[in-house]
Amino acid sequence: MKVLGIMGSPRRGGNSDLLLDQALAGARDSGAKVEKIALYQKKISGCLDCGKCNETGICVIKDDMLSIHKKILEADAVIHSVPVYFWSMTAQMKAYLDRWCAFFDGDWRIHQFYFRKMSNKKMGVITLCGAPDVSVGDPIIKSFKNTCDLSGLKWLGSVRASAFLKGEISKNNRAKKQAYQLGQKAAQR
Ligand SMILES: Cc1cc2nc3c(=O)[nH]c(=O)nc-3n(C[C@H](O)[C@H](O)[C@H](O)COP(=O)(O)O)c2cc1C
């Protein structure tokens, strides 16, 4: 089993990063091979809506998302971790998610080339917010859950946590345990 972690915060060692590490530790301890991609280290442009990928399955923008597409296709599960920025996801994560367009045909059905690889894949998400009410992360969870359903992926679930300062989440044992368990679930066949 391969579990891919996608980190959508620009803060290295921040709350999203720490909880994603917990999730990947859970997956690794359950026997999975894990890999983490920090989006702030990648060059990912916004989708152009040119429609070419709907025909070919390949995005025309030659940036780091092309190799990430390949890693998603090779993974058995993808876990995203992202903070809330202005009631939404970070720009880095949104650019990444919009580029999932390449997995679809013109009718928003999963591309026939990718159907076999996508249909058994699992997806989950971790959200962080500065506000004490963790439901501030719900619009992000909805974006990922809808993408999951549209792509025919299996939904692993979500972890919502609240923290403001960099690394503050390390004191939240409940959130760390939930993230670890999400990773364990991702590693199950
Ligand atoms: C530009 C910006 C916008 C933010 N917007 C929100 C927000 O709308 N709601 C909220 O609860 N927290 C907001 N926050 C706080 C972050 O979600 C919070 O600090 C989070 O723990 C950061 O996670 P990280 O350490 O992974 O980067 C914002 C932070 C920044 C820098």
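Biologist: What should I know before reading the numbers?

Modeller: Residues are numbered from 1 along each chain as its sequence is written. The model is predicted, so local features need pLDDT of at least 70 and side-chain atom pairs count only at pLDDT 80 or more, while totals for chains, interfaces and linings use all residues.

Biologist: What joins strand 3 to strand 4?

Modeller: Seven bridges do, and the two strands run parallel. H80 stands opposite V125 in strand 4.

Biologist: Why is strand 3 called largely enclosed?

Modeller: A residue is buried if 20 or more other C-beta atoms lie within 10 Å of its own, exposed if 12 or fewer, and partly exposed in between, with C-beta atoms placed from the backbone. Seven of the seven residues of strand 3 are buried, so the rest of the structure largely encloses the strand. A77, I79, S81 and P83 point one way, V78, H80 and V82 the other, and all are buried. In a regular strand the side chains alternate between the two faces of the sheet.

Biologist: How do you know that the length of helix 7 is close to the expected value?

Modeller: The expected span is 1.5 Å times one less than the number of residues. Helix 7 (residues 173–186) has 14 residues, and 20 Å is expected. From first C-alpha to last, helix 7 reaches 20 Å.

Biologist: What do the buried residues of helix 7 pack against?

Modeller: Contact means C-beta atoms, placed from the backbone, within 7 Å. The partners include strand 1 (2–7), helix 1 (15–29) and strand 3 (77–83). Among the buried residues of helix 7 are A175, Y180 and L182.

Biologist: Which residues come nearest to the ligand?

Modeller: Of the 19 residues around the ligand, G14, S16, P83, G130 and A131 come nearest. To be near, a residue needs its C-beta atom, placed from the backbone, within 6 Å. Helix 1 gives the most to the shell, with three residues.

Biologist: Why is S45 called partly exposed?

Modeller: S45 has 14 C-beta neighbours inside 10 Å, so it counts as partly exposed. S45 lies in the loop between strand 2 and helix 2 (52–56). S45 touches I61, D63 and A95, not counting residues up to four places away in sequence.

Biologist: Why are F86 and W87 both called exposed?

Modeller: F86 has 6 other C-beta atoms within 10 Å, so it is exposed. W87 has 12, so it is exposed too. F86 lies in the loop between strand 3 and helix 4 (91–98), and W87 is in the loop between strand 3 and helix 4 as well.

Biologist: What makes their phi angles worth a look?

Modeller: Most residues other than glycine have a negative phi. F86 has a positive phi of about 50 degrees although it is not a glycine. For W87, also not a glycine, phi is positive at about 60 degrees.

Biologist: Which residues does W87 touch?

Modeller: W87 touches V136 and P139, leaving out residues up to four places away in sequence. W87 and V136 are 49 residues apart in sequence and 6.6 Å apart in space, C-alpha to C-alpha.

Notes: Helices (H or I, at least four residues) and strands (E, at least two) are DSSP runs, numbered from the N terminus. Two residues are in contact if their C-beta atoms, placed from the backbone, lie within 7 Å. Two strands pair if DSSP finds at least two bridges between them.
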